Amino acid sequence: MSIIINVVIGSIIFGYAGVTLYKSIKKQKKGKCAACSLQKSCTTNTCAPPAKINDSNQH
Amino acid sequence: MDLHAVQLGEKVKVKDLQQVDALLMKRLNAFGIKEGCQVCMVQKGWFSGACIMECQGQKIGLRKKDLMNIKVEQL
Amino acid sequence: MRRLALIGNPNIGKTSLFNTLTNSYEYVGNWSGVTVEKKVGQVKKLNKEIIDLPGVYTLNPISRDESVVTTFLLEEQIDGLLNIIDASNFERNMQLTLDLLELRKPIIICLNMMDVAKKKGISINIEKLQSTLGVPVIPIVARTGKGIEGIYQALESTSQLEQHFTLTYDTPIETAIATIEDLLQNVAAEQRRWCAIQFLMGNQAIDAFLQNEGYFHKIQTIRTALANEIGESLSGAITNQRDSYIATIKNELVIQEKSEKQWTEHIDKVLTHPVLGVPIFLALMYFMFQATFAWIGGPLSDLLDRFVGGPFSETVYNGLTAIGASSFIIHLICDGIIAGVGGVIVFIPQIFVLFFFISLLEDSGYMARIAVVMDRLMEFFGLNGKAFIPMIISFGCNVPGIMAARTIEQPKERLLTILVAPFMSCSARLPVYALFGAAFFAKHQSLVVLSLYLLGIVIALIVTKLLSMTLLKNETSVFFVELPSYHMPQLKTLWRSTWEKGKGFLRKAGTIIFAGSVIIWLLSYIGPHGTNVAMDESFLAMIGGAFGVLFIPLGFGTWQAGASLISGFLAKEVIVSTMAIIYGVNEGVLSSTMTTHFNALSAYTFLVFVLLYMPCLATVGAIKRETQSTKWTLFATIYPFVVAYLIALVVYTIGNLFI
């Protein structure tokens, strides 16, 4: 009985920790929309990312 | 006379914006600051710091070097 | 009408209205450029979708956040517009309204800030305005939600509203408009006139939109010919005619009585004083930290700490023993999760108090004043006074700080701001300061923390200066900032924006801090010689030790410091979690245990290093997104480490001379 409890608690904790870590790293890598804090309220996918700024000298 | 030379609290009329940087000019125009409009100096920065102007009840902050390019005349 | 766009000048309450209409809690503040990205929300009641756009003065874009609007109008399918106007600044706001009326989409005008207008002695004849422009005009006060029903009614009744507003310009301009209109076959018939006028006014977004059309050359010739014919700039000529039209309306409809002098004028004189401005700002910051640590946050935090470390831990321990959990699980939960997550959670009061003050700063209108006061200093270092706003936002969290840099017009100044924003001490670093502050600097905690925040600003400025002299030489810079009128901050808004910021922290505690704690604990539990080893022989000690060697010259070359600094990359709070796990004790005792590993000087050096050493994972993501450049992201991740090392070395060396 207690073995089952231990295994369940252990796998929940490690499983959850693994998934969260994986998610947050993936989110960071994906950039743009996936990592956007407005993602949940935004339904369009043209979030018009600002163009490269290191080489744009227009104006 | 340029706008920077105006005394604190004095109301003046904008005469000429030709020498103002093109980008800033767009901003000023959009904001309602054009030739012929009335502005008032509210606060001057020290050591050539930014100044605060009032125009039609709205306030904006501008730099000294840009103010020098705005020509005004006394009312 | 199903999709509506919310458009208006900066800082006139678009997002407040958006929040009220959609029942959401988007970020609002009292300075120009809070919204830098469009947001979409649902008006459930009416089954409509509303898009909140960044504020613009005209449709002719200058800065990055503004181009979002024109591009949006050109490329997205929308059925109508909600144009929000500041009633107290009628003339300026009407410029944009004319731009929008010519678009000939169904439009509803919301006359906001009726309360402010009234105080300024302005009254507007609404019925007459409505009949002159031929569109519904609804008076509202967006901050309190007054008059919102009017918008609902207008939205329902005007479902197939058409509008044909036409402002007739001088004959030569009209001829040119007609010729261009005929050529614009690929543009929807209704929008041709608007497109032609915007093109004549030299709107770059329109130029870019039409560039690849066969007739582009032709219409360009028309534009040049017209400019030669009338002998002045086209945008000037068109604007002048609009101005006189607006002046006519204003004379007929707007009554300006003498306004009473507002009490805020006197306050403003002091807050923006050329000499007193900076000391006042510093004093306010000190007050903020005093409240955060000494008056409110600290005592509450101690209470929470006693609860987590005492009754809560015991209950969990007893519960786990009762259900027969193994010692591995008990250790994992009590020494890993409770110590790690709990070690950070106890700082919730401090963080919320800090967030409250940042929200207060944002909502009051003081932010733009700081930009003016700081501009001279910032200019010396190669930045713009406006860059100070993203920096202050970064005190809450670096991610929105980096986003806020979008309002800066010059691309290079913007990049500089993004690169140095992570030096601003975010709230995640607060638990580290609180932990060390309580252990080593109990009496002068606020002062020590203030010194770190200021150090962050100073380093950011110096680095900016160096970068702007070398890698990013700057062209001429423009400084223009609108100073909004002060509002009495509303408790509801303040609470909401505090909660929205705080929620992020709670979410982090449940996700990344949790995950970090589990991993750190596991690494400290297992070692090359098996499980449940002595901490000094664990994998964590090996990894931390290898990294910790680097810090011997800085006075904290222990494996414990090394390990916590590595884990701090996930999120800065994890540094505290790691220490709580490693030193194997709960918060209250942690401070006293630490005094055996650090002295006051090495503790301060450690804090300096933590302040500067590396942007966290989420910030790196934000930098990547905003710069769209791997090169700069890598640079922004690595160079702070070098800076931190050098500064910490200087602090430690100098400190040693005195102690």
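How many aromatic pairs does a search of the whole structure find over all chains? The search finds 39 of them, where rings of Phe, Tyr and Trp (its six-membered ring) pair if their centres lie within 6.5 Å, with planes under 30 degrees apart counted as stacked, over 60 as edge-to-face and the rest as tilted.

Before the details, please keep in mind that this is a predicted model, in which local features need pLDDT of at least 70 and side-chain atom pairs count only at pLDDT 80 or more, while totals for chains, interfaces and linings use all residues. Residues are numbered from 1 along each chain as its sequence is written, chains are lettered from A in the order in which they are written, and side-chain values use heavy atoms, without hydrogens and water.

One of the pairs joins C:Phe380 and C:Phe381, whose ring centres are 5.0 Å apart with planes at 85 degrees, so this pair is edge-to-face. C:Phe381 is buried, at a relative accessible area of 15%, buried meaning under 20%, exposed over 50% and partly exposed in between, with a 1.4 Å probe and protein chains only. As for C:Phe380, the charged end of C:Lys465 sits over its ring, 4.6 Å from the centre; the criterion is NZ of Lys or CZ of Arg within 6 Å of the ring centre and within 35 degrees of the ring normal. Elsewhere in chain C, C:Arg223 lies over the face of C:Phe199, at 4.0 Å from the ring centre.

A further edge-to-face pair is C:Tyr433 with C:Tyr453, 6.2 Å centre to centre and 70 degrees between the planes, and both of these tyrosines are buried.
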